[in-house]
Amino acid sequence: AVVVIGGCGYIGSRAVHLLCDHHPVWSVTELDIFYHGDVEKLPVGVDHVDMQDRDRLRAPLADVDVVA
């Protein structure tokens, strides 16, 4: 599993796209506060989690292999 912090911004969304394009079997989750970012920029199938929601943060971080 891979977690991208700030995945809705310009650089983060490009990282998410590259990960999904080059490693389609990986589970990609993006964490953001959704202040400047746009969820619509991300590929279908990417899990979006608001970093301010502590209860939702626990599950995606439980089995993480990489944080970018």
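Biologist: Where is S13 found in this structure?

Modeller: In this predicted model, S13 is found in helix 1, which spans residues 10-22.

Biologist: Is S13 buried or exposed?

Modeller: S13 counts as buried, because its relative accessibility is 5% and the limit for that class is under 20%.

Biologist: Which backbone atoms does the side chain of S13 reach?

Modeller: There are two to note. The side chain of S13 reaches the backbone oxygen of G9 at 2.8 Å, and the backbone oxygen of Y10 at 3.0 Å. Setting aside residues up to four places away in sequence, S13 also touches G7, C8, K41 and L42.

Biologist: H17 lies in helix 1 as well. Which residues does H17 touch?

Modeller: Not counting residues up to four places away in sequence, H17 touches K41, L42 and P43. The C-alpha atoms of H17 and V49 are separated by 17 Å, the two residues being 32 apart along the chain.

Biologist: Where is P43 found?

Modeller: P43 sits in the loop between strand 2 and strand 3, the latter covering 47-50. With a relative accessible area of 18%, P43 is buried. Its contacts, with residues up to four places away in sequence not counted, are V16, H17 and C20. From P43 to V67 the C-alpha separation is 18 Å, across 24 residues of chain.

Biologist: How many bridges join strand 1 to strand 2?

Modeller: Four bridges join them, and the two strands run parallel. Strand 1 comprises residues 2-5, and strand 2 comprises residues 28-32. Along this pairing, V2 stands opposite V28 and V4 stands opposite E30.

Biologist: Which way do the side chains of a strand point?

Modeller: In a regular strand the side chains alternate between the two faces of the sheet. In strand 2, V28, E30 and D32 point one way, while T29 and L31 point the other way. Five of the five residues of strand 2 are buried.

Biologist: E30 carries a charge and is buried. Which side chain of opposite charge is nearest to E30, and how far away is it?

Modeller: The general idea comes first. Side chains of opposite charge can pair when their charged atoms come close. For E30, the nearest side chain of opposite charge is that of R56, 8.7 Å away. E30 has no salt bridge, because that distance exceeds the 4 Å cut-off.

Biologist: With which side chain does E30 make a polar contact?

Modeller: The side chain of E30 makes a polar contact with the side chain of H48, at 3.2 Å. Leaving aside neighbours within four places in sequence, E30 is in contact with several residues, among them V4, C8, L42, D47 and H48.

Biologist: How many salt bridges does the structure hold?

Modeller: The structure holds two. In one, R56 is joined to D47, with the closest N and O atoms 3.4 Å apart. R56 is partly exposed, at a relative accessible area of 39%, and D47 is also partly exposed, at 32%.

Biologist: Which residues form a salt bridge at 3.2 Å?

Modeller: D55 and R58 do, their closest N and O atoms being 3.2 Å apart. Both residues lie in helix 2 (residues 54-62), three residues apart, which is about one turn of the helix. D55 and R58 are both exposed.

Biologist: To turn to the cysteines, how many disulfides does the structure hold?

Modeller: The structure holds zero disulfides. C8 is in none, because the nearest cysteine sulfur, that of C20, is 12 Å away and the cut-off is 2.5 Å. Likewise, C20 is in no disulfide, and the sulfur of C8 is the nearest to it.

Biologist: Is C8 buried or exposed?

Modeller: C8 is buried, with a relative accessible area of 0%.

Technical notes: Residues are numbered from 1 along each chain as its sequence is written. This is a predicted model: local features need pLDDT of at least 70, side-chain atom pairs count only at pLDDT 80 or more; totals for chains, interfaces and linings use all residues. Side-chain values use heavy atoms; hydrogens and water are left out. Buried means under 20% relative accessible area, exposed over 50%, partly exposed in between (1.4 Å probe, protein chains only). Lys and Arg count as positive and Asp and Glu as negative; His and the chain ends are not counted. A polar contact is a pair of N or O atoms within 3.5 Å; within protein, one must be able to donate a hydrogen and the other to accept it, and residues adjacent in sequence count only if both atoms are side-chain atoms. Contact means heavy atoms within 4.5 Å. Two strands pair if DSSP finds at least two bridges between them.
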